[in-house]
Amino acid sequence: MRYKVTFVVGLALGYVLGTRAGRERYEQLRKSARQLAQNPAVRNAAETAGQTGREFAGKAFTAVSHKVGDAVPDSLAGRVRGLRNRVGGGAGEDDWGTSNT
């Protein structure tokens, strides 16, 4: 219960401070966030994190499939196999429905 009250108080405080800052400050923050997201270093870090996540997902699938056997659905097995077999990050969407950009 204490966490709910803390969350509601934080939400109310954020709303009040946000309305006082106004539209100009909102646009300023949005512009800064967009510039940060378009920074090549940030994009490279995000791409590296995505590739690392896909590698760990493949390793986890392999470990689980050895223990579980044929109980893994074919649709999931095909997706993970597709991720593991893919050599480079091409344009478009991967088997999970996310973009590789």
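Biologist: Does Val9 count as buried or exposed?

Modeller: Val9 counts as exposed, because its relative accessibility is 52%. Buried means under 20% relative accessible area, exposed means over 50%, and partly exposed is in between (1.4 Å probe, protein chains only). This is a predicted model with residues numbered from 1 along each chain as its sequence is written. Local features need pLDDT of at least 70, side-chain atom pairs count only at pLDDT 80 or more, totals for chains, interfaces and linings use all residues, and side-chain values use heavy atoms, with hydrogens and water left out.

Biologist: Which helix is Val9 in?

Modeller: Val9 lies in helix H1, residues 2-38. Helices (H or I, at least four residues) and strands (E, at least two) are DSSP runs, numbered from the N terminus.

Biologist: How many helices and strands are there in the protein chain?

Modeller: The protein chain has 3 helices and 0 strands, giving the pattern α-α-α along the sequence.

Biologist: And what share of the residues count as buried?

Modeller: Of the chain's 101 residues, 9% count as buried.

Biologist: New topic! How many salt bridges does a search of the whole structure find?

Modeller: The search finds 1 salt bridge. That term means a side-chain nitrogen of Lys or Arg within 4 Å of a carboxyl oxygen of Asp or Glu. Here the side chains of Arg30 and Glu27 meet, at 4.0 Å from N to O.

Biologist: How far apart are Arg30 and Glu27 in helix H1?

Modeller: They are 3 residues apart, so about one helical turn separates Arg30 and Glu27. Arg30 counts as partly exposed because its relative accessibility is 36%, and Glu27 also counts as partly exposed, at 30%.

Biologist: What does the protein chain average overall?

Modeller: The chain averages a pLDDT of 78, and 79% of the residues score at least 70.

How values were computed
pLDDT is the predictor's confidence in each residue, from 0 to 100.
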